[in-house]
Amino acid sequence: TGTQLQAEGVPMDDVAWSARANLEQPDVVQHVHEEYIRAGAEVIIANTYASSRAALEPAGLGSRVAEANRSAVRAARRAREAAAAGPVAVAGSMSSFSPKDMDAAALGRPLAGPADEEPGFPTLAHFREQAALLAEEGVDLIALEMICARGYGRAAVTAAAETGLPVWLGISAFHRADGTVGTLPELGDGDSVADLVSALTGPELAAITVMHSRPEAIRAAAEIIRGHFAGPIGIYAETGDWQPPNWVFDGLTPAGYLQQAITWADAGVRLIGGCCGVGPEHIRALADGLPGRTPRT
């Protein structure tokens, strides 16, 4: 959602990234969701990835946390009303995002650490505040995104589960130099995927997704998750490159992305979509080309 807003011409904020669009261009946020729905999306994720208090206060928007989250969910729900021909779920995103993510990516260095008390990450109070707002505005589920450490990860799972809504745990993975698969070190301490999933898996999770990860690492991470989690597994990969605060759209074509997705479906992945750099045409290719789906007319 965030990178497609950029593709539609919305400036990405140096601190709050795509969240400012909820306050200044909610009509474009709605339009982006409509594009994905018309392309065949059955789940859309509201533009709340960067809308926690931990992300908005450094941008001078701490007094508008509720407004940013409410606006984002309302834009997604309006899009569903305007464009959906069949069932479409609206997910509310909660993530590890903070302005320090931008700094770490720009400077090529990891953050200080993954603990709850690390000030660069949202705390349990931040997650609870955002989860309550998302639930009040009527999301159908909560998608936790880029959760790569146990401390804030447990806080995120706890806050999301307290709403009573279904919870998807989204982790981000990469191939280490030794060939193993770990979580993104700039968002924690580089835990192995197995260790992180073991620590966070519980009955409150409706699904675990591997998201915002390169296609070459994502299949291996999903296979590791299967050894620790019996529920549905999802994949939504990134494609392209990150040059803060903007995305570089130089990744896989829709046809190339579909070929990757077919291998995920063949491996038993139940939920397939797209993250940064994946536009409506990529989703259209998935909707028309994945095994078991009826091509749209």
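Predicted model: local features only at pLDDT ≥ 70, side-chain atom pairs only at ≥ 80, totals over all residues.
Met 146 lies in the loop between S3 and H8. Phi of Met 146 is near 50 degrees, a positive value in a residue other than glycine. Most residues other than glycine have a negative phi. Is Met 146 buried or exposed? Its relative accessibility is 8%, so Met 146 counts as buried.

**The sheet**

Strands of a sheet pair through backbone hydrogen bonds.

Look at one pair more closely. S3 (residues 141–145) and S4 (residues 167–171) pair in the parallel sense over 3 bridges. Leu 144 has Leu 169 in S4 as its bridge partner.

**The core**

The largest nonpolar core has 96 residues, and Leu 144, Leu 169 and Ile 225 have the most contacts inside it. Helix H5 (residues 65–83) supplies the largest share of this core, 7 residues.

What does Leu 169 touch, leaving aside its neighbours within four places in sequence? Leu 144 is one of its contacts, and Ile 147 and Val 157 are others. Leu 200, Leu 205, Ala 207, Ile 208 and Thr 209 are also in contact with Leu 169.

Ser 71 also lies in H5. Its relative accessible area is 16%, and buried means under 20%, so Ser 71 is buried. Not counting residues up to four places away in sequence, Ser 71 touches Asn 22 and Pro 26.

**Helices across the strands**

**Helices against helices**

| Helix pair | Axes | Angle |
|---|---|---|
| H3 (residues 26–39) and H12 (residues 280–289) | within 8 Å | roughly 20 degrees |
| H8 (residues 150–162) and H9 (residues 193–200) | 10 Å apart | about 35 degrees |

Take H3 and H12. Their axes cross at roughly 20 degrees. That makes H3 roughly parallel to H12, because angles under 35 degrees count as such. The crossing of H3 and H12 is right-handed. On the H3 side, Glu 35, Tyr 36, Arg 38 and Ala 39 make the contact. H12 brings Pro 280, Ile 283, Arg 284 and Ala 287.

Which residues of H12 are buried? They are Pro 280, His 282, Ile 283, Ala 285, Leu 286 and Ala 287. These buried residues pack against H1 (2–7), H3, H11 (254–266) and S11.

Now take H8 and H9. Their crossing is right-handed. Arg 150, Gly 153 and Arg 154 of H8 make the contact with Asp 195, Leu 196, Ala 199 and Leu 200 of H9. Leu 200 is also one of the residues in contact with Leu 169.

Cys 275 is found in the loop between S11 and H12. At 14% relative accessibility, Cys 275 counts as buried. How far apart are the C-alpha atoms of Cys 275 and Thr 1? They are separated by 7.6 Å, although the two residues are 274 residues apart along the chain. Cys 275 also touches Thr 3, Met 211, His 212, Tyr 236, Ala 237 and Glu 238, not counting residues up to four places away in sequence.

**Backbone exceptions**

Trp 17 is not a glycine, yet it has a positive phi of about 50 degrees. Trp 17 lies in the loop between H1 and H2 (20–24). Its relative accessibility is 7%, so Trp 17 counts as buried.

Most peptide bonds are trans. Which form does the bond from Pro 244 to Pro 245 take? That bond is cis, with omega near 0 degrees. Pro 245 is found in the loop between S9 (241–243) and S10 (246–248).

Terms used: Residues numbered from 1 in each chain as written. Heavy atoms only, no water. Core = buried A, V, L, I, M, F, W, Y, C linked by side-chain atoms within 4.5 Å. Buried < 20%, exposed > 50% of the residue type's maximum accessible area, 1.4 Å probe, protein only. Helix = DSSP H or I, 4+ residues; strand = E, 2+ residues; numbered from the N terminus. Contact = heavy atoms within 4.5 Å. Pairing = 2+ DSSP bridges. Axes fitted to C-alpha atoms, helices over the stretch in contact; angles between N-to-C directions. Parallel < 35°, antiparallel > 145°, perpendicular 65-115°, else oblique. Left-handed = near helix turned anticlockwise from the far one by under 90°.
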